Amino acid sequence: MYFSKLFAPTLREVPAEAEVISHQLLVRAGFIRKSSSGVYTYLPLAQKVLMKIMNIVREEMNKADGQEVMLPIIQPAELWLESGRWYVYGKELFRLKDRHDRDFCLGPTHEEIITDLVRGDVYSYRQLPLLLYQIQNKYRDERRPRFGLMRGREFIMKDLYSFDKDEAGLDVSYKKMYDAYTAVFSRCGLNFRPVEADSGVIGGSTTHEFMVIAESGEAQIVYCPECSYAANVEIAPCKPSENPQDIPKNREKVATPGQTTIEQVTGYLQIASHKLIKTLFFRADNEIIGVLVRGDRTVNEIKVQRLHPSLTMEMATPEEIRGVTGCEPGYVGPIGLKANVKIYADEEIRTLVNGVCGANEVDHHYINVVPGRDFTVTAFGDLRLIEEGETCPQCNAVLKSARGIEVGQVFKLGTKYSKALNAKFVDETGQEKLMVMGCYGIGVSRTMAAAVEQNYDADGIIWPMAIAPFQAVVVPVSVKDEEIWQASLEIYEGLLKQGIEVVIDDRNERPGVKFKDADLIGYPVRITIGKKALNEGVVEVKLRQEKEVNFVNKNDIISYIK
Ligand code: ATP
Ligand code: MG
Ligand code: MG
Ligand code: MG
């Protein structure tokens, strides 16, 4: 590729709204342009990186017996009503109507569509396990689209869905995917960690997030330097407090105007589902003074901890819930700070005490639950999250902490969707059974951004070789000098012949200008051809991640490009 022909408009200025480095550099280096909030155009350089990530993902999915399909992005509301998520998913779902006034949404995820496909065409145990995946755009009307590609409203995801005949089968599929994800992120050249994302509250681990370690990550994780234990602190078990007055480190003080503050909290009760944890906070007199909601998906299989065994509860109607919470049933929009904390006002919460105390079915919340009478809060904890310096729950070593970017997640769904959508098969004994499912997502566009967050310096991006848009750039110090230009062309064409993706900077610019652009774009290898080096039969090779230059024989360049 001649640089003069490459559509990579670089900028000197950092876009004002770009808070994180990947956003700044991807815009400056001419990889992406914003179309609207959270929606981006991928320019040729970005497209090349994305294709490389997708190919790695594709190869690993295929190796693990995944079969690629292309699924509709426009999804009918009927399926979402059937699964129960139409009302549960909340504002993140992009909804639209056709000319006949029928409801549709743009797929934020594809459990409904894939289960609908499989229930129609899979009927025997002989057809299982079945692993289907897609690499396509997803749409989520994120509350705060930000950080460029990291939290977009239109983004690229690979998602695979596994269908097995039993739990044991799901375990096998889950393990396959876990291993495939490990291979994907290793091959992308990233420093990452799989972390438990559900342990503690529910007990047992049914989901892992794959975290790229980076300062800018939105997630706080703890990990053990001695064993494999690692967890997202959001779901790691909270430690009982020695001093109930402790104010948690990474929770800021929040309150709606003139209301309850977090210091008044003396205890909590957690109600958890796979993707949503509700924590009710109590004052010393057991009055509920706050509700913390984390998570963003559907409420399912709620497990209530420490609930009095004799408790019976009524279900509130969707209307009552909307009335009380102002939110869609089963979904309380995250309000407030990073941790999605909302501390309700005293008045507000008094209404809530008689109202919401969690949910266990779509469109249903418990009502008329009174703390103390209906359940007892025996083990008070405080809000302090497990943190660095504490003891590893597995091996007693001292935990360390880091920040991470969630680039992927593997998840055991069980029969949630097969039950809702009636996806059954006939087993070896002729019995009808529900398929047991798993889902597994990789944020392809977020992975590209995460790679930049982890690999950059003051001059620009430093692409890992495996996902670099081009592996090398050839820089003639002068294009006016025929000898240098010819030698550069010869090297450039030689590399092309060997299958190397290479750019030749054919602009009539000073070497300094070319070097600046090369550093900004982040080619892993820069080959500079000057007269002096040429006379001695050597060229200057500089690796983007190293400071010093090497003079190497023209024929040895290839060994730098692996
Ligand atoms: P987050 O916690 O960051 O909101 P998520 O848990 O909602 O992500 P999943 O439903 O697990 O996301 O989707 C699978 C993957 O898709 C995520 O691990 C992430 O890499 C990617 N992803 C999710 N939301 C976005 C987004 N808004 N922009 C870019 N990538 C995203
Ligand atoms: Mg999300
Ligand atoms: Mg998440
Ligand atoms: Mg996730």
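The legends below describe close-up views of a predicted model.

**View 1. A five-stranded open sheet with mixed pairing.** The 5 strands run in the order β28-β27-β29-β30-β31. The edges are β28 (502-504) and β31 (549-553). Each edge strand pairs on one side only. From one strand to the next, the twist averages 25°. Strands of a sheet pair through backbone hydrogen bonds, either parallel or antiparallel.

**View 2. The pairing of β29 with β30.** Strand β29 spans residues 525-529, and strand β30 spans residues 538-543. Their pairing is antiparallel, over 4 bridges. Here T528 stands opposite E540 of β30.

**View 3. Helix α11 across the sheet strands β27, β28, β29 and β30.** The helix covers residues 482-497. Strand β27 covers 472-476. Helix α11 runs at about 165° to β27.

**View 4. The crossing of helices α1 and α10.** Helix α1 comprises residues 21-28, and helix α10 comprises residues 444-454. Their axes come within 8 Å. They cross at roughly 100°. Angles of 65 to 115 degrees count as roughly perpendicular, so α1 is roughly perpendicular to α10.

**View 5. Residues at the contact between α1 and α10.** From α1 come I21, S22, L25 and L26. They meet A449, V452 and E453 of α10. By class, this contact has 5 nonpolar residues, 1 polar and 1 charged.

Notes
Residues are numbered from 1 along each chain as its sequence is written. Chains are lettered from A and ligands numbered from 1 in the order in which they are written. This is a predicted model: local features need pLDDT of at least 70, side-chain atom pairs count only at pLDDT 80 or more; totals for chains, interfaces and linings use all residues. Two strands pair if DSSP finds at least two bridges between them. Helices (H or I, at least four residues) and strands (E, at least two) are DSSP runs, numbered from the N terminus. Axes are lines fitted to C-alpha atoms, for helices over the stretch in contact, and angles run from 0 to 180 degrees between N-to-C directions. Two residues are in contact if their C-beta atoms, placed from the backbone, lie within 7 Å. Angles under 35 degrees count as roughly parallel, over 145 as roughly antiparallel, 65 to 115 as roughly perpendicular and the rest as oblique. Ala, Val, Leu, Ile, Met, Phe, Trp, Tyr, Cys and Pro count as nonpolar, Asp, Glu, Lys and Arg as charged, and the others, Gly among them, as polar.
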